[in-house]
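Biologist: I've got a structure to learn from and a few things I'd like to ask. Could you walk me through it?

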Amino acid sequence: MLKFLAVAAVAASTTLAVQAFAGEEEKSLNVYNWSDYIASDTISRFTAETGIKVNYDVYDSNEMVEAKLMAGNSGYDVVFPSALPFLANQVKAGIYRPLDKAKLGNIANLEEGVTASLNKADAEILKFSVPYMVAATGAAYNKAKIEALAPGAPTDSWSLIFDPEWSGKLKDCGISLLDDPTEVFAAALVWLGKDPNSESPDDLKAASAVIERARPNIRYFHSSTYINDLANGDLCVAHGYGGDLIQARDRAAEAKNGVDLQVYLPKEGANVVIDVMAIPADAPHPENAHAFIDFMMRADVVGPITEAVGYANAVKGADAYVSEDRRTDTVIFPSEETKKNFFALPPKSPGYTRLMTREWTRLKTNR
Ligand code: N2P
């Protein structure tokens, strides 16, 4: 009897220990986010409030997150993919953990317009993620250099990049394109007046021909170095994510180096993405991940991020933490007129995506 009690007591205490272990994660969190996408004190504030230490890594393309999560055991607890086409596609592969909404009280802070548009695009999106930022893709140019080298250039159009008449004149001062097939093909298609969501192989060929003609005038394909290169006057034109282009403009202004950068959303149309926060299925710290995502949905947290990075967030009341300059910036908060030409890029068929990826590799390697 005594022996039995002792065994039972050991079993009970083991169960308790296991429960305590499962309930109390180590105070650690691994975040994988886009570069230049938080304020300088976001992470230290989270750690000060929760005691959770954050390992913070950055990427500059959706493909990088996708590759890590598809390979498994990434070790990441929170990632920030674009909802369309990426997360919507990726959920089918089971790589995300459904969110526990009971742990996300700040969901109530989200703008209904943003959540409604995600829900309309695909009802699965909000099971696995919540919106972080709304980002339009556009371009920026160095005003003085354009006036000197290409007077009269159409500085409201993708033509600066895709029309060799203009890109040829700007070649030597440098043009960069995002290293992002989804973005570049869509921009080439809208410049041609075609549907950016076309899955016609002929349209793909036409877009590819546009990029091929511009290719000799493109200095590089990259999705983050253009920020500093633009700011230092080392690039004339860059295709880029709206807030990143704004950060380039800010850096030039702070450096007082005489570089005047103009950011624009091309009149033919711009891709608008909603980047979301999600937890990988095999995340080692899901509790902490929920705490972090909830923290990021607070107006006093995400407002200062919008101020720092130049992207619009999805949280009500966050405007109170955003300066007048930012609130009136038409790249961050575009007019209804500009929005008319915005488009989104839902997932394309696997067959078309393969074709596009093949074309992309060919274009970049010049084969
Ligand atoms: C942050 C870029 C995020 C916008 N540097 C691309 N989705």
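This is a predicted model: local features need pLDDT of at least 70, side-chain atom pairs count only at pLDDT 80 or more; totals for chains, interfaces and linings use all residues.

Biologist: Which residues form a disulfide?

Modeller: A disulfide is a pair of cysteine sulfur atoms within 2.5 Å. Searching the whole structure turns up one. Its sulfur atoms are 1.9 Å apart, and the partners are Cys173 and Cys236.

Biologist: How many residues apart are Cys173 and Cys236?

Modeller: Helices (H or I, at least four residues) and strands (E, at least two) are DSSP runs, numbered from the N terminus. Cys173 is in the loop between helix 9 (164-170) and strand 5 (175-177), while Cys236 is in the loop between helix 12 (226-231) and strand 7 (237-241). So the pair links distant parts of the chain, and the separation is 63 residues.

Biologist: Is Cys236 buried or exposed?

Modeller: Buried means under 20% relative accessible area, exposed over 50%, and partly exposed in between (1.4 Å probe, protein chains only). Cys236 has a relative accessible area of 0%, so Cys236 is buried.

Biologist: What about Arg327: buried, exposed or partly exposed?

Modeller: Arg327 lies in helix 16 (residues 324-327). Because its relative accessibility is 36%, Arg327 counts as partly exposed.

Biologist: Where does the ligand sit?

Modeller: On a 1 Å grid over the protein atoms alone, a cavity is a set of points where a 1.4 Å probe fits but cannot get out. A molecule sits in one if more than half of its atoms lie within 2 Å of its grid points. By that test, the ligand's place is the largest cavity.

Biologist: How far is a polar side-chain atom of Asp244 from a nitrogen atom of the ligand?

Modeller: A polar contact is a pair of N or O atoms within 3.5 Å. A ligand nitrogen is 2.6 Å from a polar backbone atom of Ser35, and one is 2.7 Å from an N or O atom in the side chain of Asp275. For the Asp244 side chain, the distance is 2.8 Å.

Biologist: How much of what the ligand exposes taken alone does the protein bury?

Modeller: Accessible areas come from the Shrake-Rupley method with a 1.4 Å probe. Taken alone, the ligand exposes 260 Å², and the part buried by the protein is 98%.

Definitions and conventions. Residues are numbered from 1 along each chain as its sequence is written. Side-chain values use heavy atoms; hydrogens and water are left out. A polar contact is a pair of N or O atoms within 3.5 Å; within protein, one must be able to donate a hydrogen and the other to accept it, and residues adjacent in sequence count only if both atoms are side-chain atoms. On a 1 Å grid over the protein atoms alone, a cavity is a set of points where a 1.4 Å probe fits but cannot get out, and a pocket is an open set with protein on both sides within 12 Å along at least five of seven lines; lining residues have an atom within 4 Å of a point.
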